[in-house]
Amino acid sequence: MERRSLIKMLLGGGIFGLLLGNSSLRKGEAGFIRPPGAEPEELFLAACARCGKCAEICPLGCIKIAHGEQGLAIGTPYIVPVEGYCDLCMKCTEVCTTGALKPVPKENVRMGLAEIDKEICLARKGEDCRVCHAACPFYDKAIKLEDYKYPVVDPDYCTGCGRCENVCIASPQKAAAVKPRND
């Protein structure tokens with residue numbers, strides 16, 4: 001890519017991102033779980049070229065691209081864990097040419113934060129369920145078992161990959177849900 005084209009793309013993304021800075025997304029009324037290595041939201045929106053390469057390279061297909069219904073965030077990548085979790089392969093960071101997604105060690109990824117609803121959790125209803133605990137890529141760190149039975153999320157280790165939400169067997173609503181981080 002020519003330097004001039006890259007500069008135009010970055011400036012265009014920056015201007016678009018500044019426009020997005022006044023949207024409800026910035027005010028926390030809505031939020032996205034961004035792919036691993038994403039810059040903080042305002043910087044991410046300014047840097048993202050909306051090229052879709054991250055979604056194309058994702059081996060699990062967990063990265064979606066925002067459409068018109070997402071308002072001014074149109075064209076940006078996000079993850080919906082209940083539909084597909086991120087395996088932290090980091091391929092998306094390798095194809096990002098603008099730095100909106102930066103390489104980061106897997107254990108330092110902070111896309112979101114899992115929460116477990118105690119009212120829905122099958123283990124807390126007396127069933128023998130440890131599915132989220134067993135599926136977590138940071139076994140017995142991000143999700144620990146309280147009293148050897150009840151899953152509890154440790155925010156210091158949770159990457160927000162969404163595997164717990166994706167594999168949760170509670171129905172019709174999942175007990176595990178990943179929310180965007182506000183830090």
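Arg 130 and Asp 128 join their side chains in a salt bridge, at 2.7 Å from N to O. By salt bridge I mean a side-chain nitrogen of Lys or Arg within 4 Å of a carboxyl oxygen of Asp or Glu. Asp 128 counts as exposed, at 64% relative accessibility, and Arg 130 is partly exposed, with a relative accessible area of 33%. The cut-offs are these: buried is under 20% relative accessible area, exposed is over 50%, and partly exposed lies in between, with a 1.4 Å probe and protein chains only.

Before going on, the model is a predicted one: local features need pLDDT of at least 70, side-chain atom pairs count only at pLDDT 80 or more, and totals for chains, interfaces and linings use all residues. Residues are numbered from 1 along each chain as its sequence is written, and side-chain values use heavy atoms, with hydrogens and water left out.

How many salt bridges are there by this rule? The count is six. One of them is between Lys 102 and Glu 39, at 3.8 Å from N to O. That pair links distant parts of the chain, 63 residues apart: Lys 102 is in the loop between α4 (91–95) and β3, and Glu 39 is in the loop between α1 (3–20) and α2. Lys 102 is partly exposed, with a relative accessible area of 39%.

Another salt bridge joins Arg 124 and Glu 146, at 3.5 Å from N to O. Arg 124 is partly exposed at 26%, and Glu 146 is partly exposed at 36%.

Glu 146 brings us to β4. Strand β4 (residues 143–146) pairs with strand β5 (residues 150–153) in the antiparallel sense, over four bridges; strands pair if DSSP finds at least two bridges between them. Pro 151 in β5 is the bridge partner of Leu 145. The hairpin of β4 and β5 has three residues between the strands, and there Asp 147 takes a positive phi near 55 degrees.

Now the whole chain. It has six helices and six strands, where helices (H or I, at least four residues) and strands (E, at least two) are DSSP runs numbered from the N terminus. Their order along the sequence is α-α-α-β-β-α-β-α-β-β-α-β. Of the 183 residues, 42% are buried.

The largest nonpolar core has 39 residues, and Ile 63, Ile 79, Leu 88, Met 111 and Cys 164 have the most contacts inside it. Such a core is a set of buried Ala, Val, Leu, Ile, Met, Phe, Trp, Tyr and Cys residues joined through side-chain atoms within 4.5 Å. At least two residues of this core come from each of α2 (41–47), β3 (112–116) and β6 (176–180). The largest share, three residues, is from α2. Beyond its neighbours within four places in sequence, Leu 88 has contacts (heavy atoms within 4.5 Å) that include Lys 106, Met 111 and Phe 138.

Last, Arg 163, in helix α6 (residues 163–167). Not counting residues up to four places away in sequence, Arg 163 touches Tyr 85, Asp 87, Ala 135 and Pro 137.
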